[in-house]
Amino acid sequence: MLLNLAASRRVLFFGGKGGVGKTTVASAVALAQARAGRRVLLVSTDPAHNLGHLWQRAIGPAPVRVAADLDALEIDPEATVRAHLDEVGQALRQLMPPHLSGEVDRHLALSREAPGMHEAALLERIAELVEQAPRDYDLLVFDTAPSGHTARLMALPEMMSAWTDGLLRRQERSERFGAALRNLGSDDGVASRALGGERIDTAQDRDQRIRQVLHRRRHRFEHLRSVLADDAHTAFVIVLAAERLPVLETIELHAQLRRAGVQVGGLVVNKRAPADAGDFLADRRMQEEAHLRDLREALPDLPLQQLPLLAEDVVGAQALEAFADRLNAGE
Ligand SMILES: Nc1ncnc2c1ncn2[C@@H]1O[C@H](COP(=O)(O)OP(=O)(O)O)[C@@H](O)[C@H]1O
Ligand SMILES: [Mg+2]
């Protein structure tokens, strides 16, 4: 199921509770697709990154090659916030008359610590990757943070486009206001004083530039929203273990994603206990079956793939290759 799903999509998201195997499964699917001849970019959006640990090499905010046709990167929230605020700062400085640039700096310093800033910056970077990756890659695989964080993130594009829309409307009004002022008189008249002593043509340029920035952001978020909602292009896969809490979180995450307009393409039940390795694990497997029945009752129609619990952790490229081979064997 999983490889067929991956083969027919351009963007994949892997989500679910912490520790269930999101990073492992996302990496194995990315590797399998690269081996099948697609150029793949694997991206971690989890602030507690573990792509680097899994691949046993340093992975940072710029793509590094981890296998043939497979690049990986970990979005750095701090660096992303900095880049995001630099861009916002530039836009604000263009929007505000020059004598208020001290205000802009104070505002930005506060924003750095503002609630939601990391998520907004993270989303901006995701939107940018979704927009740009198709130039160099055939498939983009996102290894996401534990459920709550990711569900909120998926609901953000809608809010961000609405927010940018509001700014654009305000900017249109201020542009009309500026035009009215400009009609009032000469450079050193009332218009110039109201605009902070700037030359009038500068004010006009500034209006133009800010419109461009806002339009580009709105376009980027709208694009992300349409990619997330297009289930022929994008699939969201929930990874879980057949245990009570991961099952409950999966049902909740599925509902949250639906509310955000994101369809779930499939479920991966990882770490299934073997039936033939002693009574203890056989009992465990029986218990798992009960949890899977609850899962099936709540989400009867979703494609589902199971992967076995292995005796060893999955670490390094070789272990991942072996794990990727199991994706074919799954039901
Ligand atoms: N099928 C499996 N069998 C055994 N160990 C696994 C399996 N899948 C994942 N693991 C191990 O479980 C741990 C958590 O996996 P990880 O992919 O980092 O989870 P997540 O990204 O969801 O937090 C890792 O040590 C990984 O090697
Ligand atoms: Mg992880």
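Modeller: Before we start, helices (H or I, at least four residues) and strands (E, at least two) are DSSP runs, numbered from the N terminus. Also, this model is predicted.

Biologist: Which elements each supply at least two residues of the lining of the second largest pocket?

Modeller: That pocket has a volume of about 500 Å³, and 25 residues line it. Gly19, Gly21, Thr24, Lys271 and Val314 lie nearest its centre. The elements that each give at least two lining residues are H2, helix H3 (51-55), strand S5 (139-146) and S7.

Biologist: Where does ligand 1 sit, and which element gives the largest share of the shell around it?

Modeller: Ligand 1 sits in the second largest pocket. There, 18 residues surround it, with Gly19, Lys22, Thr23, Thr24 and Leu310 the closest. Helix H2 (22-35) and strand S7 (264-272) each supply at least two shell residues. The largest share, 3 residues, comes from H2.

Biologist: What percentage of the area that ligand 1 exposes taken alone does the protein bury?

Modeller: Start with backbone atoms: nitrogen atoms of ligand 1 lie 2.9 Å from a polar one of proline 308 and 2.9 Å from an N or O of leucine 310. An oxygen atom of ligand 1 is 3.0 Å from a backbone N or O of valine 314. Taken alone, ligand 1 exposes 570 Å², and the share buried by the protein is 83%.

Note on methods:
Residues are numbered from 1 along each chain as its sequence is written. Chains are lettered from A and ligands numbered from 1 in the order in which they are written. This is a predicted model: local features need pLDDT of at least 70, side-chain atom pairs count only at pLDDT 80 or more; totals for chains, interfaces and linings use all residues. Side-chain values use heavy atoms; hydrogens and water are left out. A residue is near a molecule or strand if one of its heavy atoms lies within 4 Å of it. A polar contact is a pair of N or O atoms within 3.5 Å; within protein, one must be able to donate a hydrogen and the other to accept it, and residues adjacent in sequence count only if both atoms are side-chain atoms. Accessible areas come from the Shrake-Rupley method with a 1.4 Å probe; for residues, only the protein chains shown count as cover. On a 1 Å grid over the protein atoms alone, a cavity is a set of points where a 1.4 Å probe fits but cannot get out, and a pocket is an open set with protein on both sides within 12 Å along at least five of seven lines; lining residues have an atom within 4 Å of a point. A molecule sits in a cavity or pocket if more than half of its atoms lie within 2 Å of its grid points. Grid points are joined across faces, edges and corners, and a volume is the space filled by probe spheres set on the points.
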